[in-house]
Amino acid sequence: AALPVVLFPGEVLRVLFSARFAPAATFIGAFLLGELMMAFGDAYRILLLGFDDLRGYLITTITAPAIVMLCAAPVMVRFGILGLGALHVLAAVIGLVVSQLRLRARHAIPADRHVIGLYLLMVVVVASAAWLGGTVPGSSAAIWSWKLAVGVGCAGLGIGMLPAPARAALR
C-alpha cells in the first residue's frame, strides 16, 4: 500500500490534501520507510503480548518513540526534515531489534532468516521506490509508465517471494 505513495508522492499529496503539500513529496518516503519498519516490529511486539510478556511488550513499545522524542530536536536542527525521517527509520529498526532480542532471550524464539530476508527485500524496494518517486518528479507519460512498471514489478516480486501455500491462497 505504500508503493503508490512513494512512487507518486506529489500526486498523492495533492489528491489527499492540496497542492500546498507538494513540497513534502521529496521526503515523504523516509517517513513511510520508518512506518514500514514499525509495522514489522509490531508483529514481534504482538508475539510478546501473546506470551504474556507485558514487561517486554512495554519495553519494545516505548523504545522507538522514546528515541525519536529524545533525539528529534537536535536532529531537526542539524539535519532538517530528511534527518528526522532517517531518525524515524533508525528508531524503528532499533525497536525491531529489541523485540527480536527479547523474543530470543525470554522465549527461545530465534529470528527466521527467510523472514528477515523478506524484510530486507521490502525495505530495499520501498527505499528504492521512495528515491525514484522523490527524485523523478513529473507528469509525462514516460515517467508515469516507468513508475507503474516499478510498482507492478515490486508487487510481482513480493508475491513470488511468498511461500507456496500463501501464493495459492491468493488465487
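The legends below describe close-up views of a predicted model.

In this predicted model, local features need pLDDT of at least 70 and side-chain atom pairs count only at pLDDT 80 or more, while totals for chains, interfaces and linings use all residues. Residues are numbered from 1 along each chain as its sequence is written, and side-chain values use heavy atoms, with hydrogens and water left out.

**View 1. The protein chain has 7 helices and 0 strands.** Helices (H or I, at least four residues) and strands (E, at least two) are DSSP runs, numbered from the N terminus. Buried residues make up 33% of the 171 residues in the protein chain, where buried means under 20% relative accessible area, exposed over 50% and partly exposed in between (1.4 Å probe, protein chains only).

**View 2. Helix α2 (residues 9-16) holds Val-15.** The buried residues of α2 are Pro-9, Gly-10, Val-12 and Leu-13. Seen down the axis of α2, these buried residues fall within an arc of 165 degrees, so they line one face of the helix; the arc is that of the directions from the helix axis to the C-beta atoms. Val-15, by contrast, counts as exposed at 70% relative accessibility.

**View 3. Asp-42 and Arg-45 meet through their side chains in a salt bridge (2.5 Å, N to O).** A salt bridge is a side-chain nitrogen of Lys or Arg within 4 Å of a carboxyl oxygen of Asp or Glu, and by this rule the count comes to 2 salt bridges. Being 3 residues apart in helix α3, Asp-42 and Arg-45 are separated by about one helical turn. Asp-42 is partly exposed, with a relative accessible area of 38%, whereas Arg-45 counts as buried at 7% relative accessibility.

**View 4. Arg-102 and Asp-53 also form a salt bridge between their side chains (2.9 Å, N to O).** Arg-102 lies in helix α4 and Asp-53 in the loop between α3 and α4, so the pair ties together parts that are 49 residues apart in sequence. Both Arg-102 and Asp-53 are buried.

**View 5. The second largest pocket is lined by residues that include Met-37, Tyr-44, Leu-96 and Tyr-119.** On a 1 Å grid over the protein atoms alone, a pocket is an open set of points where a 1.4 Å probe fits, with protein on both sides within 12 Å along at least five of seven lines, and lining residues have an atom within 4 Å of a point. Helices α3 (28-50), α4 (54-107) and α5 (113-135) each supply at least two residues of this lining, and α4 gives the most, with 5 residues.
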